[in-house]
Amino acid sequence: MYIVGDKDAVPLGETVRSGQVQIDPTAGEDLRKQLQAQIDQVDSWIQRATSSIARPAPLGANPVGDKMRDKFTHRAEGEQYSFVSVMTAYRTVLEQTKNSIVEAIGNFQALDEDQQAELKKHMGNS
């Protein structure tokens, strides 16, 4: 996932790690829960695909049936653009985004704590 600004697209993880992105814990937690729900849904799709879609079709024990069965199984889970491969890549992006949200929440909390410490320091000097 990228953040697009005035100049170039920058990876979200990079801007979060640098501390440039913070998110309010309440909003961030809601977003994290939504991402986790989508991850769980994708996990369900992948599980169903590997147990049913990729299951060899009962096309009979003959050369044509064998070739068709292999073709369908390969398209479901064996190719670069198969359903399982695409969903696995999508799940990876969701997981990375969720981790960035968690880190951005931490950035917000760290910034908040730093500002509180700074305020206490100035109030103590008054």
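**Why is it called that? Questions on a predicted model**

Modeller: Let me start with Q47, which sits in helix α2. A helix here is a DSSP run of H or I with at least four residues, a strand is a run of E with at least two, and numbering starts at the N terminus.

Colleague: What sort of model is this, and how are residues numbered?

Modeller: The model is predicted: local features need pLDDT of at least 70, side-chain atom pairs count only at pLDDT 80 or more, and totals for chains, interfaces and linings use all residues. Residues are numbered from 1 along each chain as its sequence is written, and side-chain values use heavy atoms, with hydrogens and water left out.

Colleague: Which elements does the protein chain have?

Modeller: The protein chain has 4 helices and 2 strands. Along the sequence the pattern is β-β-α-α-α-α.

Colleague: Why is Q47 called partly exposed?

Modeller: Its relative accessibility is 48%. Buried means under 20% relative accessible area, exposed means over 50%, and partly exposed is in between (1.4 Å probe, protein chains only). So Q47 counts as partly exposed. In space, Q47 is 8.9 Å from V84, C-alpha to C-alpha, while the two are 37 residues apart in sequence.

Colleague: How do you know whether S100 is buried or exposed?

Modeller: S100, in helix α4, has a relative accessible area of 9%. That is under the 20% cut-off, so S100 is buried. Leaving out residues up to four places away in sequence, S100 touches L12, G13 and V16. A contact means heavy atoms within 4.5 Å.

Colleague: And what makes N107 buried?

Modeller: N107 has a relative accessible area of 17%. It is under 20%, so the word is buried. N107 also lies in helix α4, residues 83–124. Its contacts beyond four places in sequence are V16, G19, V21 and Q22.

Colleague: What about E14: where is it, and how far is it from S100?

Modeller: E14 is in helix α1. E14 and S100 are 86 residues apart in sequence, and their C-alpha atoms are 9.1 Å apart. E14 has a relative accessible area of 45%, so it is partly exposed.

Colleague: What makes a set of residues a nonpolar core?

Modeller: The members must be buried Ala, Val, Leu, Ile, Met, Phe, Trp, Tyr or Cys residues, joined through side-chain atoms within 4.5 Å. The largest such core here has 14 residues, and V42, I46 and L94 touch the most other members. Helices α1 (12–17), α2 (25–53) and α4 each give two or more residues to this core. The largest share, 6 residues, comes from α4. I46 is in contact with V84, M87 and T88, neighbours within four places aside. In soluble globular proteins, nonpolar side chains tend to be buried together.

Colleague: Why is the pair R91 and D43 called a salt bridge?

Modeller: A salt bridge is a side-chain nitrogen of Lys or Arg within 4 Å of a carboxyl oxygen of Asp or Glu. For R91 and D43 the N to O distance is 2.4 Å. R91 lies in helix α4 and D43 in helix α2, so the pair ties together parts that are 48 residues apart in sequence.

Colleague: How do you know that E95 and R91 form one too?

Modeller: The closest N and O atoms of E95 and R91 are 3.4 Å apart, and the limit is 4 Å. Both lie in helix α4, 4 residues apart, about one turn of the helix.

Colleague: What makes E118 and K121 a salt bridge?

Modeller: Their closest N and O atoms are 3.7 Å apart. That value is within 4 Å, so E118 and K121 qualify. They are 3 residues apart in helix α4, about one helical turn.

Colleague: How many salt bridges does the structure hold, and which residues are linked in a network?

Modeller: The structure holds 5 salt bridges. D43, R91, E95 and K98 are linked in a network of them.

Colleague: Which residues make the nonpolar surface patch?

Modeller: L59, V64, M68 and F72 make a patch of about 340 Å². Patch residues have over 30% relative accessible area and no salt bridge; like charges are joined within 9 Å, nonpolar side chains (Val, Leu, Ile, Met, Phe, Trp, Tyr) within 5 Å. Accessible areas come from the Shrake-Rupley method with a 1.4 Å probe, and for residues only the protein chains shown count as cover. L59 stands at 37%, so it passes the 30% cut-off. L59 is in the loop between α2 and α3 (63–77).
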